[in-house]
Structures are given as structure tokens and as C-alpha cells.
Amino acid sequence: MKMPKWSFLVSIILGLISTVVVDSMRFDLQSGTTKCISDDIKANAMTVGKYSAVNLNEGFPIPDSHKITVRVSSPHGNTYHNADHVESGHFAFTAAETGDYTTCFWVPEQNPPGLVSVEFDWRSGVSSKDWSKVAKKGQIEVMELELKKLSDTITSIHDEMFYLREREEEMQLLNRSTTTKMATFSILSLGVCLSVAALQLWHLKTFFERKKLL
């Protein structure tokens, strides 16, 4: 039985929607060491993140030894967020360039060494928007909210497709350039080999003629 075109299109859209970047995690960080997490973000995309050191003794202040230092940097090394010796924090910015943005966590060295658990939630693109607040502020209906979410998701997918197309064109140009260089190098190598062979023949002929063997 043939699948209707609209069903096929809906399945593609749902598959692409599932690729929206949502990165929520919890990890252990050893004192005196640094852990970095990267995320590939497109230019002009919104990204938000929040982090906190887990307090194992609820009801008591978190010790200074468990406070963390956080730095968020762009692919070219520009700093977007820098927090020193904090319990928790958050950041939000619009990416100015495309590439891998890096968030690094560091805990002061302890004696004896210890572990600090860190909770980190990093969202980019459509998932960085708080739709519950949008609904509350605008007093809009559920269907209206879903349509707005879908519209932004489709826009994100559209931008992603253009980004992938640009990357594909870059790879094609690189492949063509590499092929041209390899062909040129092969021709030059062949020319050098033929020249060396001709010189060897000329040298042998001259040697034998000088010795009157030819």
C-alpha cells in the first residue's frame, strides 16, 4: 500500500524535530581538574545554560571546596560567560559565529582530592525558549501555542538545511581542489621520472660512445 505524500512529509518533520539540541546532564568533577563540554551552534542561534554544584549536605551551606569556576567560549576564543568560585549560575546569548562553543568547569585542588557533582542543562535553538512563559504572558490557547512552536521549529529546520547545504558545497570545493592538486602532482611526478630516465639514457649513451663501445 502506497503511503500518502502528506504522511511521508509529516514523518520527516517529526524526525527532524527530534533532533533539536537539548543537553541536560550530571557529572562528577575531580578537584584540581577541568572538564569541557562542546556544542555545535549556528550563527544567530539562541543558547541558554544553567549549572549548579550539587550540595550533598542539604540544609547546610555548600563548602568553598565544592564551588566551581565556569567559562563559556566561542570557536575563536571569545568569552561569553565567566563565573569564578560560584555555587550555581546561568548564561544566555545569541551565537555570533558558527562552530563548537565550549563550556569548561574547574574545581580548586583539594588535599586529599575529592569529587564534586555538577548538574548542567544546555539548550540551543528552539529548545532554548521557555514556552510555558510565552503561554502565560500571552494568554494564548494551547493550539495557538503548539502552532507557534511548530512554526519556530520549521524555521530552525529550514536554517539547518541551508547550513548543511553550505557545508556540502564547501566539501565539494575541497574535494575538487584536492583532486586537481593530486592530478597536477601526478603529472609533475611523471614528468620528473621521464626526465630522469632520459638523462640516464643520454648519460649511458655518452659513456659508451666515449669508450667506443657503440
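A charge is said to sit over a ring if NZ of Lys or CZ of Arg is within 6 Å of the ring centre and within 35 degrees of the ring normal. Lysine 35 meets this rule, lying over the face of phenylalanine 27 at 5.5 Å from the ring centre. This is a predicted model, in which local features need pLDDT of at least 70 and side-chain atom pairs count only at pLDDT 80 or more, while totals for chains, interfaces and linings use all residues. Residues are numbered from 1 along each chain as its sequence is written, and side-chain values use heavy atoms, with hydrogens and water left out.

**Aromatic rings and charges**

- Rings of Phe, Tyr and Trp (its six-membered ring) pair if their centres lie within 6.5 Å; planes under 30 degrees apart count as stacked, over 60 as edge-to-face and the rest as tilted.
- By this rule the model holds 10 aromatic pairs.
- One of these pairs is tilted and joins phenylalanine 93 to tyrosine 101, with 5.8 Å centre to centre and 35° between the planes.
- Phenylalanine 93 counts as buried because its relative accessibility is 8%, where buried means under 20% relative accessible area, exposed over 50% and partly exposed in between (1.4 Å probe, protein chains only).
- Tyrosine 101 has a relative accessible area of 0% and is therefore buried.
- Phenylalanine 105 and phenylalanine 120 form an edge-to-face pair, 5.0 Å centre to centre with 75° between the planes.
- This second pair links distant parts of the chain, 15 residues apart: phenylalanine 105 belongs to strand S7 (residues 99–106) and phenylalanine 120 to strand S8 (residues 115–124); helices (H or I, at least four residues) and strands (E, at least two) are DSSP runs, numbered from the N terminus.
- Both phenylalanine 105 and phenylalanine 120 are buried.
- One aromatic cluster is formed by Phe27, Tyr51, Tyr80, Phe91, Phe93, Tyr101, Phe105, Phe120 and Trp122.
- Arginine 165 places its charged end over the ring of phenylalanine 162, 5.1 Å from the centre of that ring.

**Nonpolar core**

- A nonpolar core is a set of buried Ala, Val, Leu, Ile, Met, Phe, Trp, Tyr and Cys residues joined through side-chain atoms within 4.5 Å.
- The largest such core has 22 residues, of which Phe27, Tyr51, Ile68, Phe91, Phe105, Phe120 and Trp122 touch the most other members.
- At least two residues of this core come from each of strand S1 (22–30), S2, S3, S4, strand S6 (88–94), S7 and S8.
- S8 supplies the largest share of the core, 4 residues.
- Residues up to four places away in sequence aside, isoleucine 68 touches several residues, among them Tyr51, Ala83, Phe105, Trp106 and Val118; contact means heavy atoms within 4.5 Å.

**Strand pairing and backbone geometry**

- Strand S4 (residues 68–73) and strand S5 (residues 79–86) run antiparallel and are joined by 5 bridges; two strands pair if DSSP finds at least two bridges between them.
- Serine 73 stands opposite threonine 79 in S5.
- The hairpin of S4 and S5 has 5 residues between the strands, and glycine 77 in this hairpin takes a positive phi near 90°.
- Asparagine 44 is a residue other than glycine with a positive phi, near 70°, and is placed in the loop between strand S2 (34–41) and strand S3 (46–53).
- Asparagine 44 counts as exposed because its relative accessibility is 67%.
- Histidine 85, in strand S5, also has a positive phi, near 60°, in a residue other than glycine.
- Histidine 85 has 35% relative accessibility and so counts as partly exposed.
- The peptide bond from asparagine 111 to proline 112 is cis, with omega near 0°, and proline 112 is found in the loop between S7 and S8.

**Residues brought together across the chain**

- Cysteine 104 lies in strand S7 and is partly exposed because its relative accessible area is 21%.
- Cysteine 104 and serine 73 are 31 residues apart in sequence and 8.5 Å apart in space, C-alpha to C-alpha.
- Beyond its neighbours within four places in sequence, cysteine 104 is in contact with Thr34, Lys35, Cys36, Thr69, Val70 and Arg71.
- Aspartate 39, in strand S2, is buried because its relative accessible area is 10%.
- The C-alpha atoms of aspartate 39 and threonine 102 are separated by 6.5 Å, although these residues are 63 residues apart along the chain.

**Annotated segment**

- An unreviewed UniProt entry places the feature "transmembrane region" at residues 182–202; UniProt positions are given in the numbering used here, feature names are shortened, and annotations may be inferred rather than shown by experiment.
- In the model, residues 182–202 are 100% helix and 0% strand, with the end C-alpha atoms 30 Å apart.
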